[in-house]
Amino acid sequence: MPKPFRSLLALVAVAAALSGCGTVNEKLSAGMGDYVPQWAGGLPADAPPRAGTAQYDAYMKERERKRLLPAADREKEEQAQKGATGSASGNAVR
């Protein structure tokens, strides 16, 4: 076997191996992000649910409902939510 042919064959083999790694990593990383803790670079706690799940459909319906509300009603609802979650932090030491 001539040397240029062996070099070309080796180069093609390396290129095929590297391209295979790229597709495997792409598929693994899409699902592995759900299992990595937030402190290690995973999804934040307030990240929306993944597309295609029941939680995602409910999230999008709620988002659309809020979008259709008048601005005044939307502000009142946001203040009510902040008041419900912020009541514990209202007693913070200053």
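Student: What share of the residues in the protein chain is buried?

Tutor: Buried residues account for 1% of the 94 residues in the chain. This is a predicted model. The label requires a relative accessible area under 20%.

Student: How many helices and strands does the protein chain have?

Tutor: There are 3 helices and 0 strands. Along the sequence the pattern reads α-α-α.

Student: Why is leucine 11 called exposed?

Tutor: Its relative accessibility is 57%. The label exposed applies over 50%, so leucine 11 counts as exposed. Leucine 11 is placed in helix α1, residues 3-32.

Student: What makes the contact of glutamate 62 and arginine 65 a salt bridge?

Tutor: Their side chains meet at 2.6 Å, N to O. The cut-off is 4 Å between a side-chain nitrogen of Lys or Arg and a carboxyl oxygen of Asp or Glu, so the pair of glutamate 62 and arginine 65 qualifies. Both residues lie in helix α2 (residues 54-68), 3 residues apart, which is about one turn of the helix.

Student: Are glutamate 62 and arginine 65 buried, partly exposed or exposed?

Tutor: Glutamate 62 has a relative accessible area of 33%, and arginine 65 has 35%.

Student: How many salt bridges does the structure hold?

Tutor: The structure holds 3 salt bridges. One of them pairs glutamate 64 with arginine 67, with the closest N and O atoms 2.7 Å apart. These two residues are 3 residues apart in helix α2, so about one helical turn separates them.

Student: What labels do glutamate 64 and arginine 67 get for accessibility?

Tutor: Glutamate 64 is partly exposed, at 35%. Arginine 67 has 54% relative accessibility; the cut-off for exposed is over 50%, so arginine 67 counts as exposed.

Student: Which residue does arginine 65 meet in a salt bridge at 3.0 Å?

Tutor: That residue is glutamate 77, with the distance taken from N to O. Arginine 65 lies in helix α2 and glutamate 77 in helix α3 (residues 71-86), so this pair ties together parts that are 12 residues apart in sequence. Glutamate 77 counts as partly exposed at 22% relative accessibility.

Student: Which residues are linked in a network of salt bridges?

Tutor: The network links Glu62, Arg65 and Glu77. Arginine 65 meets glutamate 62 and also glutamate 77.

Student: Where is proline 49, and why is it called partly exposed?

Tutor: Proline 49 sits in the loop between α1 and α2. Its relative accessibility is 26%, and the label buried needs under 20% while exposed needs over 50%, so proline 49 counts as partly exposed.

Student: What does proline 49 touch, leaving out residues up to four places away in sequence?

Tutor: Proline 49 touches Gln55, Tyr56 and Tyr59. The C-alpha atoms of proline 49 and methionine 60 are 9.6 Å apart in space, and the two residues are 11 residues apart in sequence.

Note on methods
Residues are numbered from 1 along each chain as its sequence is written. This is a predicted model: local features need pLDDT of at least 70, side-chain atom pairs count only at pLDDT 80 or more; totals for chains, interfaces and linings use all residues. Side-chain values use heavy atoms; hydrogens and water are left out. Helices (H or I, at least four residues) and strands (E, at least two) are DSSP runs, numbered from the N terminus. Buried means under 20% relative accessible area, exposed over 50%, partly exposed in between (1.4 Å probe, protein chains only). Contact means heavy atoms within 4.5 Å.
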